[in-house]
Amino acid sequence: MGLYINSGNEAFKISVNDDIYIDQSGILTFTNDRIGKRKRYLCVSRPRRFGKSLTAEMLTAYYDRSCDSGFLFQGLEIAKDDSCAANLNQYDVFSVNIQQFLRGAGEPAQLVPYMESQLLQELQDMQFCDFAKDSFSASNLPMALASLFAREEREKKGYIFIIDEWDCIFREAPEDKQAQKAYLDFLRDLLKDRTYVKLAYMTGILPVKNMAIQRSWICILLSTSSMSFPWQSLKVWRNMLVFQRLT
């Protein structure tokens with residue numbers, strides 16, 4: 001169990017055991033259906049204090065293969081769905097909060113190098129790889145993950161990415177266009193067209209006016225009322241942004 005890779009279910013366990021817990025597990029029916037498909041890139045954009053981080057913790061607990069979370073989901077909405085058991089604790093999960101990385105980096109220009117070094121170091125610490133023996137670069141996270149995924153001896157389940165507060169660099173460094181571009185380039189290289197990505201789930205307030213994003217992605221704003229989600233009754237789920245490749 002690591003800080004960012006397969007970080008376990010403790011955070012979600014605290015929420016479930018709280019005096020007030022609202023079941024939002026129905027979203028897992030939707031995310032399970034998107035695993036391994038073209039439209040596997042999801043971004044939820046809602047105001048602050050609407051439970052985005054809580055949902056990210058739930059997804060981490062549900063998919064993380066390093067822990068047993070079955071008892072946490074007993075009695076919740078997802079337990080009634082046929083896809084529940086098939087996906088429960090089956091994946092290596094990268095769960096990161098970009099705001100924490102930005103704080104650790106010290107300045108926006110260092111966000112990408114800091115984040116990449118931290119994740120690569122954890123890959124090695126958790127014995128996913130040994131940079132002294134492996135042929136791929138110890139300074140390039142996408143290349144390392146692609147190489148790991150290509151190995152015959154590793155299961156071909158792939159990786160799930162849960163990225164919380166993905167937009168914080170646009171809020172906290174609105175004038176640093178160079179750092180923003182470097183960050184977007186890193187996300188694109190990490191996620192776009194990568195077969196090792198089985199699901200990418202991002203939370204934040206999308207800066208739709210930023211043209212750099214629009215050049216990389218078509219952002220389609222959808223309302224829950226227009227989609228047959230099994231969790232339509234949850235009024236807090238107002239908007240879903242689906243990242244779709246430019247064709």
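**The interior of the model**

Modeller: The secondary structure of the chain comprises 11 helices and six strands, where helices (H or I, at least four residues) and strands (E, at least two) are DSSP runs numbered from the N terminus. The model is predicted, so that local features require a pLDDT of at least 70 and side-chain atom pairs count only at pLDDT 80 or more, whereas totals for chains, interfaces and linings use all residues. Residues are numbered from 1 along each chain as its sequence is written, and side-chain values use heavy atoms, with hydrogens and water left out.

Confidence comes first. The average pLDDT, the predictor's confidence in each residue on a scale from 0 to 100, is 79 for the chain, and 75% of the residues score at least 70. Over residues 210-247 the pLDDT is below 50, yet this stretch has 92 contacts in the model beyond near neighbours in sequence; a contact means heavy atoms within 4.5 Å. Where pLDDT is low, the predicted coordinates should not be read in detail.

Of the 247 residues in the chain, 51% are buried; buried means under 20% relative accessible area, exposed over 50%, and partly exposed in between (1.4 Å probe, protein chains only). Among contacts between residues at least 6 apart in sequence, 74% join residues at least 24 apart.

In soluble globular proteins, nonpolar side chains tend to be buried together. Here the largest nonpolar core contains 41 residues, a core being a set of buried Ala, Val, Leu, Ile, Met, Phe, Trp, Tyr and Cys residues joined through side-chain atoms within 4.5 Å. The residues with the most contacts inside this core are L123, L145, F161, W166, Y183 and L191. Helix 10 (residues 177-191) supplies the largest share of the core, seven residues. Leaving aside residues up to four places away in sequence, Y183 touches I98, L111, V112, M115, W166, I169 and F170. A second, separate core has 25 residues, among them F12, Y62, L76 and C84.

Helix packing can be described next. Helix 6 (residues 98-105) and helix 7 (residues 111-125) have axes 9 Å apart and pack at an angle of about 105°; axes are lines fitted to C-alpha atoms, for helices over the stretch in contact, and angles run from 0 to 180 degrees between N-to-C directions. The two helices are therefore roughly perpendicular, since angles under 35 degrees count as roughly parallel, over 145 as roughly antiparallel, 65 to 115 as roughly perpendicular and the rest as oblique. At this contact, I98, F101, L102, G104 and A105 of helix 6 meet L111, Y114, M115, Q118 and L119 of helix 7.

Strand 4 (residues 197-203) is mostly covered, with seven of its seven residues buried. Strand 4 runs parallel to strand 1 (residues 41-44), to which four bridges join it, and pairs in the parallel sense with strand 3 (residues 159-164) over five bridges; strands pair if DSSP finds at least two bridges between them. In strand 4, A200 is the bridge partner of Y41, and L199 stands opposite I160.

Two asparagines call for comment on backbone geometry. N6, in the segment before helix 1 (10-16), has a positive phi near 50° although it is not a glycine, and N6 is buried at 4% relative accessibility. N89, in the loop between helix 5 (83-87) and strand 2 (92-97), has a positive phi of about 55° and is buried, with a relative accessible area of 11%.
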